[in-house]
Amino acid sequence: GTLLHEAMHRLQHCRKPELTDQLDADHSVIALEEEATALQNQGKQEPLAAASWVRRQLREHCSGDPKD
């Protein structure tokens with residue numbers, strides 16, 4: 001669960017690198033944590049599906065080559 005949560009934070013950063021500049025705003029932090037916690041909770045119910053989803057998303061958004 002923790003790895004899924006942290007992987008979501010990595011994905012959030014890849015999708016919007018400017019998020020780092022917004023982390024001082026409480027509402028931004030809350031939204032980021034809610035999304036990461038949702039994936040973590042999904043992982044408790046369907047661990048393989050959650051891991052597969054986040055892996056695909058990371059490949060799509062965090063690598064220079066979508067095939068990586």
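Predicted model: local features only at pLDDT ≥ 70, side-chain atom pairs only at ≥ 80, totals over all residues.

Reader: Fine. With that cut-off, which residues is Gln-40 in contact with, leaving aside its neighbours within four places in sequence?
Author: Gly-1, Thr-2, Leu-4 and His-5 are the contacts of Gln-40 once those neighbours are set aside.

Reader: And where does Gln-40 sit, and is it buried or exposed?
Author: Gln-40 belongs to helix α3, which covers residues 26-45. Its relative accessibility is 19%, so Gln-40 counts as buried, the cut-off being under 20%.

Reader: You mentioned His-5. Which residues does His-5 touch, not counting those up to four places away in sequence?
Author: His-5 touches Glu-33, Ala-36, Thr-37 and Gln-40. His-5 itself is part of helix α1, and at 10% relative accessibility it counts as buried.

Reader: What about Thr-37, where is that and how accessible is it?
Author: Thr-37 lies in helix α3. Its relative accessible area is 30%, so Thr-37 is partly exposed.

Reader: OK, zooming out. How many helices and strands does the chain have?
Author: There are 4 helices and 0 strands. Along the sequence the pattern reads α-α-α-α.

Reader: How much of the chain is buried?
Author: Of the 68 residues, 25% are buried. The accessible surface of the chain is about 4800 Å², and carbon and sulfur atoms contribute 52% of that.

Reader: And what share of the contacts with a separation of 6 or more comes from residues 24 or more positions apart?
Author: That share is 62% for this chain.

Reader: Let's do helix packing. How do α1 and α4 cross?
Author: Helix α1 (residues 2-15) and helix α4 (residues 47-62) have axes that come within 9 Å and cross at roughly 25°. Angles under 35 degrees count as roughly parallel, so α1 is roughly parallel to α4.

Reader: Left-handed or right-handed?
Author: The crossing of α1 past α4 is left-handed.

Reader: Which residues meet there?
Author: From α1 you have Leu-4, Ala-7, Met-8, Arg-10, Leu-11, Cys-14 and Arg-15. They meet Ala-50, Ala-51, Trp-53, Val-54, Gln-57, Leu-58, His-61 and Cys-62 in α4. By class, this contact has 11 nonpolar, 2 polar and 2 charged residues.

Reader: Back to the start of the chain. Where is Gly-1, and is it buried or exposed?
Author: Gly-1 is in the segment before α1. With a relative accessible area of 54%, Gly-1 is exposed.

Key. Residues numbered from 1 in each chain as written. Heavy atoms only, no water. Axes fitted to C-alpha atoms, helices over the stretch in contact; angles between N-to-C directions. Helix = DSSP H or I, 4+ residues; strand = E, 2+ residues; numbered from the N terminus. Parallel < 35°, antiparallel > 145°, perpendicular 65-115°, else oblique. Left-handed = near helix turned anticlockwise from the far one by under 90°. Contact = heavy atoms within 4.5 Å. Nonpolar A, V, L, I, M, F, W, Y, C, P; charged D, E, K, R; others polar. Buried < 20%, exposed > 50% of the residue type's maximum accessible area, 1.4 Å probe, protein only. Areas by Shrake-Rupley, 256 points an atom, 1.4 Å probe, with all protein chains shown as cover.
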